[in-house]
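Me: I've got a structure open and want to go through its pockets. Can you help me read it?

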Amino acid sequence: MWRLVPPKLGRLSRSLKLAALGSLLVLMVLHSPSLLASWQRNELADRRFLQLNKCPACFGTSWCRRFLNGQVVFEAWGRLRLLDFLNVKNVYFAQYGEPREGGRRRVVLKRLGSQRELAQLDQSICKRATGRPRCDLLQAMPRTEFARLNGDVRLLTPEAVEGWSDLVHCPSQRLLDRLVRRYAETKDSGSFLLRNLKDSERMQLLLTLAFNPEPLVLQSFPSDEGWPFAKYLGACGRMVAVNYVGEELWSYFNAPWEKRVDLAWQLMEIAEQLTNNDFEFALYLLDVSFDNFAVGPRDGKVIIVDAENVLVADKRLIRQNKPENWDVWYESKFDDCDKEACLSFSKEVLCARATVDHNYYAVCQNLLSRHATWRGTSGGLLHDPPGEIAKDGRLEALLDECANPKKRYGRFQAAKELREYLAQLSNNVR
């Protein structure tokens, strides 16, 4: 059996791990008073921990009452600040309960960026406003581009925010009206008029749009209306709360075949829904990996839990403006790279074509086919099919054509047939 680490280096690696663990235990003992305090104290009720003092350079305040009233509490090890250095993504698990409802439910808390990224955000705001890397953010925000729409500005327009993030790489007025109308961090949601928002709410909206637009994706395309995203709950300062979905898709990599077939079918259905829907918005997933999806423990439903990198193209606008080659079907190029979960795409093309196979390509290449690699594994979610299915060869052929098509427009047809075949297999195994 191959060893990834030579024997001596392997022993050294284990020794280093033990030393690191020992050091951590020593630190825990040395900090035992503060350790006990952090265990007993609900830091989610602390305004500074929530970074509420940084508003309006924050993500919202709609859930502050719940946080500050102690209705949201960390789970177990999440209470230990000493372990935060391991939590690079700044994602926490917590319990939330309404006094009137009784009981608690699990929620996911996100700072929407690493400590380094958040620090860079603060520095960029300060430098733009004062020319210095540190400042009072409350005083600085009105002197940045995030305040350019304050006052009696009627609409959020494409010229103001185009290219700020993937969500608005090529925004239409229809998309921006939708973002404002469904903005959840205001009491006056429901109107597409920007002037109905307070200046502080406008700055929060624009900052979120530029830094990490995931909350706006969840709000604008909500799970309650059948979109395959986690449910947005609210924010307080720089802490956003979303509904806990379940274990990540990766934990099902070696699940029974019947389960993996069902999950694969759902993933292809998600790719279809985000590409073709009655709203004529194409939502292209630019970051597709096993960690960005989760599975509900009760209903087994697959949900997207990381929506930071979603590009939205308005098909209605594309058909109206008719840019060059707008009606030519676009085939994404297969990328056999050495890295995990890599994709090849052109944002400009995604924004200018009415028919694009990107989502099918992303799901097939990075999740389902033999080309999918993640955490040192290969073979994709549909690895090791039963003997009769492997012998038949149809599944492997469809997956290969979907990931790396040999025929012109082959991926479009392969994706359609793959959805139908997986549905058939799911019915057969139930």
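Me: Which residues lie nearest the centre of the second largest pocket?
Reply: This is a predicted model. In it, N243, Y244, V245, G296 and D299 lie nearest that pocket's centre. They are among the 15 residues that line the second largest pocket.

Me: How much space lies in there, in the second largest pocket?
Reply: About 420 Å³.

Me: And what's its lining like by class?
Reply: The second largest pocket has seven nonpolar, three polar and five charged residues in its lining.

Me: OK, now the largest pocket. What volume does it have?
Reply: Its volume is about 840 Å³. The lining has 33 residues. Closest to the centre are K89, V91, K110, D291 and D306.

Me: Which elements give two or more residues to that lining?
Reply: Those are β2 (91-96), β3 (105-110), β5 (239-243) and β6 (247-248). The largest share comes from β3, with three residues.

Me: How many charged residues are in the lining of the largest pocket?
Reply: Twelve. There are also 13 nonpolar and eight polar ones.

Me: Switching topic: helix α10. How far apart are its end C-alpha atoms?
Reply: They are 27 Å apart. Helix α10 covers residues 257-275, which is 19 residues. At 1.5 Å a residue, α10 should span 27 Å, so the two values agree.

Me: Is α10 mostly covered or mostly open, and how many of its residues are buried?
Reply: Mostly covered. In α10, 14 of the 19 residues are buried. Buried here means under 20% relative accessible area.

Key:
Residues are numbered from 1 along each chain as its sequence is written. This is a predicted model: local features need pLDDT of at least 70, side-chain atom pairs count only at pLDDT 80 or more; totals for chains, interfaces and linings use all residues. Side-chain values use heavy atoms; hydrogens and water are left out. Helices (H or I, at least four residues) and strands (E, at least two) are DSSP runs, numbered from the N terminus. The expected span of a helix is 1.5 Å times one less than its number of residues. Buried means under 20% relative accessible area, exposed over 50%, partly exposed in between (1.4 Å probe, protein chains only). On a 1 Å grid over the protein atoms alone, a cavity is a set of points where a 1.4 Å probe fits but cannot get out, and a pocket is an open set with protein on both sides within 12 Å along at least five of seven lines; lining residues have an atom within 4 Å of a point. Grid points are joined across faces, edges and corners, and a volume is the space filled by probe spheres set on the points. Ala, Val, Leu, Ile, Met, Phe, Trp, Tyr, Cys and Pro count as nonpolar, Asp, Glu, Lys and Arg as charged, and the others, Gly among them, as polar.
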